Amino acid sequence: MSRKRGFSLIEVLLAMAILGVGIGVLAQAMINAVNAVGSLEANDSLYHDVEFVARRAMMNHDRQTFEDGGDVPLPNNNTARWEAEIEETETLDLLRVEFKIELPESDTYPEFSDTFTVYLYRKGWMDPIDRETLLNDKKENREAERFTRQWQ
């Protein structure tokens with residue numbers, strides 16, 4: 001008796017099941033990759049719009065106008081809103097600025113609102129009395145150091 005060689009029905013079904021699971025895993029990986037690219041594009045667009053608003057805000061040369069905040073037209077035909085709160089530091093003409101930026105919803109990202117802190121050097125924006133006090137303190141410290149070095 002000759003026996004025919006081939007695959008049984010169970011072996012074929014098992015191979016198809018394994019192939020189906022493999023294709024399902026690959027399809028899910030492909031979907032995840034496409035979603036990741038879309039998310040990166042949205043984050044990139046959001047980052048650029050926030051940076052654009054901050055740069056436009058820092059172009060103000062008047063402290064009062066800067067503190068009042070304002071609206072900035074965005075390239076995507078929306079308008080962003082920003083506010084700034086200024087706090088003087090112990091360093092001459094260095095200001096701690098707390099920015100609040102609000103972006104409306106766009107095609108690539110949802111509505112966004114965030115507050116972040118930057119340090120900004122602006123000569124002449126400090127309170128004149130505080131500026132003079134800092135200058136005098138620095139002069140006194142320098143003279144004290146010079147006097148101490150002479151007698152050592």
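Q: What should I know about the model before I start?
A: The model is predicted: local features need pLDDT of at least 70, side-chain atom pairs count only at pLDDT 80 or more, and totals for chains, interfaces and linings use all residues. Residues are numbered from 1 along each chain as its sequence is written, and side-chain values use heavy atoms, with hydrogens and water left out.

Q: What is a salt bridge, and how many does a search of the whole structure find?
A: Start with the general idea. Side chains of opposite charge can pair when their charged atoms come close. The rule here asks for a side-chain nitrogen of Lys or Arg within 4 Å of a carboxyl oxygen of Asp or Glu. A search of the whole structure finds 7 salt bridges.

Q: Where do Arg55 and Glu51 lie?
A: Both lie in helix 1, residues 9-58. Helices (H or I, at least four residues) and strands (E, at least two) are DSSP runs, numbered from the N terminus. Arg55 and Glu51 are 4 residues apart, about one turn of the helix. Their side chains meet in a salt bridge at 3.0 Å, N to O.

Q: Which salt bridge does Glu67 form with Arg63, and how is the pair spaced?
A: The side chains of Glu67 and Arg63 meet at 3.7 Å, N to O. Both lie in helix 2 (residues 63-68), and they are separated by about one helical turn because they are 4 residues apart. Glu67 is partly exposed, at 28% relative accessible area. A network of salt bridges links Arg63, Glu67 and Glu88.

Q: What about Lys100 and Glu102?
A: Their side chains also meet in a salt bridge, at 3.4 Å, N to O. Lys100 is partly exposed, with a relative accessible area of 32%. Glu102 is partly exposed too, at 32%.

Q: How do I read an aromatic pair, and how many are there?
A: Look at the rings of Phe, Tyr and Trp (its six-membered ring): they pair if their centres lie within 6.5 Å. Then check the planes: under 30 degrees apart is stacked, over 60 is edge-to-face, and the rest are tilted. By this rule the count is 5 aromatic pairs. One of them joins Phe66 and Phe99: it is edge-to-face, 5.8 Å centre to centre, with 80° between the planes.

Q: Which parts of the chain does that pair link?
A: The pair links distant parts: Phe66 in helix 2 and Phe99 in strand 3 (residues 94-103), 33 residues apart. Phe66 is buried at 0% relative accessibility. Phe99 is buried at 1%.

Q: Why does the pair of Phe66 and Trp125 count as tilted?
A: The ring centres are 5.3 Å apart and the planes are at 50°, so the pair is tilted. Phe66 lies in helix 2, and Trp125 lies in the loop between strand 4 (112-121) and helix 3 (128-150), so the pair ties together parts 59 residues apart in sequence. Ring pairs link Phe66, Trp82, Phe99, Phe116 and Trp125 into a cluster.

Q: What lies over the face of Trp125?
A: Arg122 does, at 5.3 Å from the ring centre. The rule wants NZ of Lys or CZ of Arg within 6 Å of the ring centre and within 35 degrees of the ring normal.

Q: What is a nonpolar core, and which residues touch the most other members?
A: A nonpolar core is a set of buried Ala, Val, Leu, Ile, Met, Phe, Trp, Tyr and Cys residues joined through side-chain atoms within 4.5 Å. The largest has 23 residues, of which Val53, Phe66, Trp82, Val97, Phe99, Ile101 and Leu103 touch the most other members. Helix 1, strand 2 (79-88), strand 3 and strand 4 each supply at least two residues of this core.

Q: How do strand 2 and strand 3 run?
A: They run antiparallel, joined by 8 bridges. Two strands pair if DSSP finds at least two bridges between them. Trp82 stands opposite Ile101 in strand 3. The two strands form a hairpin with 5 residues between them, and Asp93 in the turn has a positive phi of about 65°.

Technical notes: Buried means under 20% relative accessible area, exposed over 50%, partly exposed in between (1.4 Å probe, protein chains only).
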